[in-house]
Amino acid sequence: MTRKPVLIRGEDLWKSYPTGKDQTLEVLKGVDLEVRQGEIVVIVGPSGSGKSTLLHLLGGLDRPTKGRVVVGGVDLFSFSDEQLAKYRNKRLGFVFQFHHLLPEFTALENVAMPSLIMGKPLKQCRKHALDLLLDVGLQDRQEHKPAELSGGEQQRVAVARALMNDPDIVLADEPSGNLDMENGLRLHKLLVQLARKRGTAFVIATHNHDLAKRGDRILRITDGKLVHAGRGKETE
């Protein structure tokens with residue numbers, strides 16, 4: 001069987017932060033990671049282990065102390081700030097623990113925002129945003145503002161927004177960490193369904209066992225390094 005192409009590759013990624021005079025905290029210590037088209041990669045590890053830091057590097061939200069993030073044979077951090085911003089908006093989607101929806105806009109407007117920022121026609125943006133709200137089961141809530149939605153609904157809107165520009169990869173940082181068990185399970189199933197339906201790769205940082213076991217690959221951060229921890233058992 002032909003292996004799917006690599007979308008993004010982290011090479012020897014190190015990240016340290018200054019903690020005091022002539023002292024640093026090394027969070028990542030030579031991480032290597034590649035993500036292939038359509039796969040679900042789950043990164044596990046305790047709080048503070050570097051899961052979020054790794055996602056931020058892959059997403060170009062932070063720069064490594066050492067190492068490269070390679071996309072299409074090009075180092076992501078060789079891009080200008082403008083090129084990097086365009087890459088993030090077009091090729092990546094982001095889902096965080098807290099939804100970060102814009103409170104003054106409706107669910108539909110929040111979902112459409114990434115494409116509106118790109119200057120796409122309003123009519124086209126609305127249609128695609130409606131299709132995505134249908135995919136996440138919220139077509140009847142399109143005119144509701146975030147304060148009128150439950151926590152689970154808000155996070156599903158955030159997932160739809162992450163998919164608005166048909167990204168190659170969605171980076172999700174503890175996406176169900178702020179949800180109760182029932183809504184968390186619903187979100188976990190939804191993420192897998194969307195990944196399979198759309199062929200979008202997901203890189204998910206989590207400490208949730210149910211979400212971890214749904215991945216194609218499970219990787220664990222231990223002492224700043226990334227190690228293979230197995231394959232998921234539920235990928236439906």
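Helix 1, residues 51-58, is mostly covered, with 6 of its 8 residues buried. Buried here means under 20% relative accessible area, exposed means over 50%, and partly exposed lies in between, with a 1.4 Å probe and protein chains only. The buried residues of helix 1 are Lys51, Thr53, Leu54, Leu55, Leu57 and Leu58. Just after this helix, glycine 60 takes a positive phi of about 70 degrees. Helices (H or I, at least four residues) and strands (E, at least two) are DSSP runs, numbered from the N terminus.

The model is predicted: local features need pLDDT of at least 70, side-chain atom pairs count only at pLDDT 80 or more, and totals for chains, interfaces and linings use all residues. Residues are numbered from 1 along each chain as its sequence is written, and side-chain values use heavy atoms, with hydrogens and water left out.

The chain as a whole comes next. It contains 7 helices and 10 strands. The radius of gyration is 18 Å, which agrees with the value near 18 Å for a compact globule of 236 residues. That radius is taken over C-alpha atoms, and the globule rule is 2.2 Å times the number of residues to the power 0.38. Along its principal axes, the C-alpha trace spans about 50 × 45 × 40 Å. Of the 236 residues, 47% count as buried. The chain exposes about 11,900 Å², and carbon and sulfur atoms supply 51% of that area. Accessible areas come from the Shrake-Rupley method with a 1.4 Å probe; for residues, only the protein chains shown count as cover.

Contacts were also sorted by sequence separation. Among contacts between residues at least 6 apart in sequence, 67% join residues at least 24 apart. A contact means heavy atoms within 4.5 Å. Charged side chains number 35 positive and 30 negative, and the centres of the two sets lie 4 Å apart. Lys and Arg count as positive and Asp and Glu as negative, while His and the chain ends are not counted. Each charge is placed at NZ of Lys, CZ of Arg, CG of Asp or CD of Glu.

In soluble globular proteins, nonpolar side chains tend to be buried together. The largest nonpolar core in this chain has 37 residues, and Val111, Val157 and Phe202 have the most contacts inside it. Several elements each supply at least two residues of this core, including strand 3 (40-44), helix 3 (107-117), helix 5 (151-162) and strand 8 (201-205). Helix 6 gives the most, with 6 residues. Apart from this core lies another, of 30 residues, among them Leu7, Val27, Leu28 and Val203. A nonpolar core is a set of buried Ala, Val, Leu, Ile, Met, Phe, Trp, Tyr and Cys residues joined through side-chain atoms within 4.5 Å. Beyond four places in sequence, valine 111 touches Ala129, Leu132, Leu133, Val157, Ala160, Arg161 and Met164.

Leucine 25 is found in strand 2, residues 23-36. Leucine 25 counts as partly exposed because its relative accessibility is 47%. Beyond four places in sequence, leucine 25 touches Lys15, Ser16, Tyr17 and Thr19. Arginine 36 also has its place in strand 2. At 17% relative accessibility, arginine 36 counts as buried. Leaving aside neighbours within four places in sequence, arginine 36 is in contact with Arg3, Lys4, Pro5, Val6, Leu7 and Ala201. The C-alpha atoms of arginine 36 and lysine 127 are 91 residues apart along the chain and separated by 29 Å.

Aspartate 166 has a positive phi of about 50 degrees. This aspartate is found in the loop between helix 5 and strand 7. Aspartate 166 counts as partly exposed, at 46% relative accessibility. Glutamate 174 has a positive phi near 50 degrees. Glutamate 174 lies in the loop between strand 7 and helix 6. With a relative accessible area of 12%, glutamate 174 is buried.

Two further residues are exposed. Histidine 209, in helix 7, has a relative accessible area of 64% and is exposed. Aspartate 140 sits in the loop between helix 4 and helix 5. Aspartate 140 counts as exposed, at 66% relative accessibility. Aspartate 140 and leucine 130 are 10 residues apart in sequence and 9.7 Å apart in space, C-alpha to C-alpha.
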